[in-house]
Each structure stands twice: as structure tokens, then as C-alpha cells.
Amino acid sequence: MAAYRILPEHATPGIPFPVVIEVTTSATRPFSLILKETLPPDCIPAQGRPRFVSQASDPPVLKWIDKISGEQAAYSYLATLQPATEMETAHRFSGGVTIRSDDNSSIPISGTDALRASPFHWADSNSDGRIDDEELLSVYEIYGGIEGLQFGKKLIEEIWTAKGYRWNQETRGYDILQ
Amino acid sequence: MTATKHHFRAPGLLFLALLLLLPVLPMPLQAGEALVSGQYLSGGGQDLQLRITVAAPAPSTLIVIQNLPPGTAIESASPAFHQYDASKGEGKWLLTQVSPGRYLLSLRLPRPVPPGAISGEIRYKDPASGRLTHLPIRP
């Protein structure tokens, strides 16, 4: 079994960003697992798909208890860096999956584990102040299929159709450049 | 915009009976066949129609670009464009939640254009490789 985290490279404080943890297995029979995800202390978790069943704070810890019957399962959530988070600081995620076995050992979640606070939108992966076709397609390929995950499609499409955007520190929102 | 599939009418009861005997499969990809293809059913005049065929495993999202002569006005588009820059004559559709099948995009122009004056392009990420594909389409 393996668990892999997909996380944007950066996100703007106060703007929600999505996180997906994919669990893959070659097991032929259904089995139960506990997935535990520890967020950075400056991070506020929000919506989970499926819902996380337990949440601690300082640092925030999310847990999912699930039964896997296929080869793959995905656990996703939205999170936000605290609005007062200083730009260009790094924030680390960690987690693991525990399955019922003799030693109850936990398998660490691999993949991306760090996020940088940035004035650029999380979908603008090359931080050039616009969301191009490739970035838009990547966002939809990764997050578009997760039913009910409100990752801000409307704003992303608005930026994509515009010439660009700029972070406005005073309004704490993006100015869309037409 | 969620993609709306274009349905073609099946010709007769015999076809339906044969169809019921077949396993229900989402248009699997054959050797040498493209994952996504586009064809102009009408590539000139006032009414332009572009048919897009998507095979399995389908990319979840397509960006379809329609190039018209710069300065061309559009009377109507179905589905509606997400972007249209009249000075460049470039329109973009964003089709999301795409599944294998056929899709029809239509445009009505106030003045006719010759077939050689237009072109299209489909952009998508290959689900297997994650690579960005640019598929040019000519009438």
C-alpha cells in the first residue's frame, strides 16, 4: 500500500487551497484503514471529502477511518493559511496510514509535504500572475473530479479568462486585470 | 461549463436490438486511434459546426479554441464561449466533466467566412501521461 499527497507549491494566506491524499493498494480483499494528516500550525482546515472524522488543533490533525474495497481511494480537504501568515514562509505537512496488522505500523504519506506562503494564487503554479491553459487543465485533472470540493473554480476561471491578476494586500483579495 | 453530449438517433429497432446484445462499453480506444479528435461538420459560411469525439480513458477537461478572421463578430455560440477576443478572432470553450462520446459545438456568424479562414485547436492533458496535447483542426 502507498499514500501520496498532492498539494500546491504555494498558496496565499486567507485563500483556501485543496489537498488530495491518494491511497493505492494491491490488496484483493477490502480492508480498514486510519489516515492521519497533521497540518502546519498556521493552517486552518475546512471542508473534507469524504468528511474527516476527527479534528484536533494546534497543530490541526485530521483523521479518516475508512474501508477500502478497490485499488485506489482519495481523501481530500481544503485548508487556509492564517491571514496573518508572513509571505515566503514554508509550512510543512505530515501524515500516515495505519492498517490492521501484527505491528500496527504506520505507512508515511509521500509526495509534496511543503507549502510556501505567496501572493500568487495556488493554481498559478509558475507564479507569473496569470492562469494559463495548462495550469487550468492541471487543476481540473487533479481536483475537478472530487465531488463537492469547493476549491474556487469560479475565481480560477475568472482569472483564466482575464489578462492576469494581482494580490491586493489592502482588500486581501485578487484584483483581476482585464 | 459542464460538457453536454450530442446524441445521435439510432436508426431502427434492429439496431436497438443489436445494441442491447452488446456489452456496454465507453468507446474504448482502438490501436492508432486518437484519444480526442475534432472534425468540422461545417467549416465555412455563416454556420460553423465542430464535432469532438472523445474515447476512453477520457481526459476530464478540454479547452477548445476557435480561430476566426480578426475582427469577426459572433451572433451566437452553443455552448457559450468562456473567452472571445474579437480583435484576434480567438474564442475559447472550457468543457469540464467530459466523458467518452461526441460533442457538438456550434457558431453562427453575421457574415459568412470562407473555409480556409478558420481553424481550431483542442487542448487537453493525457490522463495516462499528464502531458499537454495540442490538437489542431482544419476544415
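How many bridges join E5(B) to strand E6 (residues 90–95) of chain B, and how do the two strands run? Three bridges join them, and they run antiparallel. Helices (H or I, at least four residues) and strands (E, at least two) are DSSP runs, numbered from the N terminus. Within this pair, B:Asp85 stands opposite B:Glu90 in E6(B).

This is a predicted model, in which local features need pLDDT of at least 70, side-chain atom pairs count only at pLDDT 80 or more, and totals for chains, interfaces and linings use all residues. Residues are numbered from 1 along each chain as its sequence is written, while chains are lettered from A and ligands numbered from 1 in the order in which they are written.

**The sheet of chain B**

E5 and E6 of chain B belong to an open sheet of five strands, ordered E5-E6-E3-E8-E9, with antiparallel pairing; two strands pair if DSSP finds at least two bridges between them. Strand E5 (83–85) and strand E9 (132–137) of chain B are at the edges with a single partner strand each, so one side of each has no neighbour in the sheet. From one strand to the next, the twist averages 15 degrees. H1(A) packs on this sheet and touches strand E3 (62–67), E8 and E9 of chain B; its direction makes about 45 degrees with that of E8(B). Axes are lines fitted to C-alpha atoms, for helices over the stretch in contact, and angles run from 0 to 180 degrees between N-to-C directions.

**The two chains**

The table uses two terms. A residue is buried if 20 or more other C-beta atoms lie within 10 Å of its own, with C-beta atoms placed from the backbone. Two residues are in contact if their C-beta atoms, placed in that way, lie within 7 Å.

| Item | Chain A | Chain B |
|---|---|---|
| Secondary structure | two helices, 15 strands | one helix, nine strands |
| Buried residues | 28% of 178 residues | 24% of 139 residues |

**Helix H2 of chain A**

Helix H2 (residues 153–161) of chain A has the buried residues A:Ile156, A:Ile159 and A:Trp160. Seen down the axis of H2(A), they fall within an arc of 105 degrees, so they line one face of the helix; the arc is that of the directions from the helix axis to the C-beta atoms. Their cover includes helix H1 (133–143), strand E14 (164–168) and strand E15 (173–177) of chain A.

**Where the chains meet**

In all, 11 residues of chain B are in contact with 10 residues of chain A. Strand E8 (residues 119–125) of chain B gives the largest share of the chain B side, three residues.

Note on methods: A residue is buried if 20 or more other C-beta atoms lie within 10 Å of its own, exposed if 12 or fewer, and partly exposed in between; C-beta atoms are placed from the backbone.
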